[in-house]
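Colleague: Could you walk me through how to read aromatic pairs in a model? I am new to this one.
Modeller: Gladly, let us open it and go step by step.

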Amino acid sequence: MSSHLSIFRCCKSFSSGKDLLQQVDSNTVGLKFGATKQRIQKMFSKVELSVSSYDTAWVAMVPSPDSAKEPFFPECVNWLMDNQLQDGSWGSPNLHPLPIKDALSSTFACILALKQWSVGEEQINKGLHFIESNLASATDEEQPSPVGFDIIFPAMIESAMSLNMNLPQGGSKLKALFDRRDFELKRGYGSNSEGWKAYIAYISEGFGKSQDWKMVMKHQRKNGSLFNSPSATASAFTHSKNAGCLDYLRALIEKFGNAVPTVHPLGHYARLSMVSTLDGLGIDRHFREEMRSVLDETYRCWLQGDEDIFSDAATCAMAFRLLRLHGYEVSADPLSQFSEECFFNSLGGHLKDTNSALEIFRASEVIIHPDESVLDKQNHWTSNFLKQVFSNNLTQPQRTKKHIGLEVSDALKFPSYATLGWLSSRRAIISYNTNSTRILKSSYRCLNIGNVDFLKLAVEDFNMCQKIHREELEYLSRWVVNSRLDKLKFARQKLDYCYFTAAGTLFPPELSDVRISWAKNNVVTTVVDDFFDIGGSEEELVNLVELVKKWDVNPSTDSCSDNVEIIFSAIKSLVSETGINAFARQNRSVTNHIIEIWLDLLKSMLNEAKWLMNKSAPTLEEYLENAYVSFAMGPNVLSNLYLVGPKLSEDAVQSSEYHSLYRLLSTVGRLLNDMQSYKREAAEGKLNAVTLAIIHGNGSVSEEDAINEMKSIITSKRRELRRLVLQDKDSVVPSACKELFWNMSRILHLFYERHDGYTANDMMKTVNELTHEPIILEDLQSRM
């Protein structure tokens, strides 16, 4: 009793310290987070795009229907006159300095627009001087190129010649440009693929009168545009006088004033990117209402078949992934339009759009139904494509591809079902790109993407949570000593790992009780596992089971050994502590259920010990029926469900849904563990699903066959588990409780998918990064 009281006092003392930390946390949030959070909240209501001098120039070149000598949009011409940069180039000021080819392309387009309307002679001459000074960069293959540069830039040179402009000197450079264009056109027309046709439609301004405008207009969208591109749409209207094109251009000017962006609309993509980014950085809990509003609107548009979602691969894939992960019922069928063949016969495929392929890959991981072959196929081709991208990025590194390369590497290395949320967030913070300038036909930025405020909030939030985590880990270290668990020499000392899994999945400050309970249960179940494996005699194992069955006994007098006394005392103290904390949330006593959970675990472990002692070989079905309980997810997950927050009713605990979640998770974990440990355990004479499959196969099942069977079962049950976790209709288990099952599944895959990472110590560096190494914002910004 005295031992129990000392532990309880220690816990109460820590709780006071935790409350103080949370109070400091609230003040910190109020002082440091407030302004940043407000700025981010405002971004949800407005998508801000940088203007494009290139696209504005092409809109400025559209002639009036009343007079071919007058511009249809004189306000765009005036903007060009007023916005030339000091060096003679044109480009959005907040993107300067631009990549040289981008600046060349934008500047030439602006010069042509001014020359067409016979205005801005001084600006034209300054622009020509800039082009002449930088023309060598036009053929530099190391320079990032705007889409279509090798075709559009030579076409603009030809247009300048027809306007009798004084072009820059450089015959050999100009010849190289035209040779390159001719080579690309010959290769493209030779393939005559649908992807090539879409590409030349997208860069229509590079063809003028020679363009096949009938073919081009097949790509017109409901909003009147070609690919949401102002420059292509302006060129199309100039040559075809299509009314839809004009409606789009007028709407652009009405919305943006006298200068237009290089792509519009981008609203769905930008807002979904915000949701994805905030989620990835681990700060989504600060914006639940705003994110839900975006997803509700996206779901409404999804059901209506909104073209802005379904016509773009990246937007469609991201919408599908986020909607499904947040509990909306969406079919994977719309993603079939982005099959490998369809993708590479589209504009994105022709451009080898890595970002779109990456989003499709991420979407393909969210399989929850057994018949979603479309996602399996998407996963296959996108993973192969991304592996090739990653390989090319290693051999041909470019600064502009650095961050997408990191994203691809992480996506391939860490499947969404095999990573801890907080660990993933740390990686996302470290690699976050606040200079997310993208290049289509000109460079652009969307201020809703790659915003520095996201990074600032994420870093401060991470460090604040980490400070609390360190306090909790120090308390747990004292608890291990006070509980005398460190005296058990046979037991693995895995406190850091046990707490790492808790902090990695349940990181918000308010979940402190769950983290502490999670870590303690992990520590004690690890001790118990080792006790039944190697540390205890048959007498001790039976004695421990009997003590838990009787419960109200004196550990010091009723235990047959010191080891049994230490272990039973730790279990009894932990169950009592969990029961007290749970009562405060559930308004009912759940202690008896937690005792029952522990008793079931010990009985199943005793069964396995007796099989080993008697040299029995149960069937695989018998083994799994016992092993899903002996895998210890009962104490580690079920008891902690009472501490997550929502009320967990007795009906929910008795439901088939609750038991299915438990069985699926435990079976997945057991098989993952068995696949990695079967050789060692076979040598030790221990039971294992792999060896049992081989034994009962009567010579027809090889080691490889058994492993493949286990993998197939794991995949099937993991998908079924995820479906249950995400299912909202007819669910009686609260969503926050179901998330605990999925979080544990991710941990098990992280530790066991490649090897037995729990028994090994090769993740200690990662553990230390998560719990002991704060992120320094200034260091991140200095590397940008």
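**Reading the aromatic pairs**

Modeller: This is a predicted model, and a search of the whole structure finds 25 aromatic pairs.

Colleague: How is a pair of aromatic rings described?

Modeller: A pair of aromatic rings is described by two things, the distance of the centres and the angle of the planes. Take F344 and W381: their ring centres are 5.5 Å apart and their planes stand at 65 degrees. Planes over 60 degrees apart count as edge-to-face, so that is the label for F344 and W381.

Colleague: Where in the chain do F344 and W381 lie?

Modeller: F344 belongs to helix α16 (residues 340–344) and W381 to helix α19 (residues 373–395).

Colleague: Is F344 buried or partly exposed? And W381, buried or exposed?

Modeller: Buried means under 20% relative accessible area. F344 has 30% relative accessibility, so F344 counts as partly exposed. W381 has a relative accessible area of 4%, so W381 is buried.

Colleague: Which residues do ring pairs link into a cluster?

Modeller: The cluster consists of F343, F344, W381 and F385.

Colleague: What kind of pair do Y497 and F751 form?

Modeller: Y497 and F751 make a tilted pair, with 5.6 Å from centre to centre and 40 degrees between the planes. Y497 is in helix α23 (residues 495–505) and F751 in helix α35 (residues 735–752), so this pair ties together parts 254 residues apart in sequence. Y497 is buried, at 2% relative accessibility, and F751 is buried too, at 3%.

Colleague: Which charged end sits over the ring of Y497?

Modeller: That of K494, 4.7 Å from the centre of the Y497 ring. Elsewhere, the charged end of K241 sits over the ring of F237, 5.4 Å from the ring centre.

Colleague: Now the whole chain: how many helices and strands does it have?

Modeller: The chain has 37 helices and two strands. Its C-alpha trace spans about 105 × 65 × 45 Å along the principal axes. Of its 784 residues, 56% count as buried.

Colleague: How much of the contacts in the chain comes from residues 24 or more positions apart?

Modeller: Counting contacts with a separation of 6 or more, such residues account for 73%.

Colleague: And how far apart are the mean positions of the positive and negative charges?

Modeller: They are 2 Å apart, for 84 positive and 97 negative charges.

Conventions
Residues numbered from 1 in each chain as written. Predicted model: local features only at pLDDT ≥ 70, side-chain atom pairs only at ≥ 80, totals over all residues. Heavy atoms only, no water. Helix = DSSP H or I, 4+ residues; strand = E, 2+ residues; numbered from the N terminus. Buried < 20%, exposed > 50% of the residue type's maximum accessible area, 1.4 Å probe, protein only. Contact = heavy atoms within 4.5 Å. Lys, Arg positive; Asp, Glu negative; His and termini not counted. Charge placed at Lys NZ, Arg CZ, Asp CG, Glu CD. Phe/Tyr/Trp six-rings, centres within 6.5 Å; stacked < 30°, edge-to-face > 60°. Lys NZ or Arg CZ within 6 Å of the ring centre and 35° of its normal.
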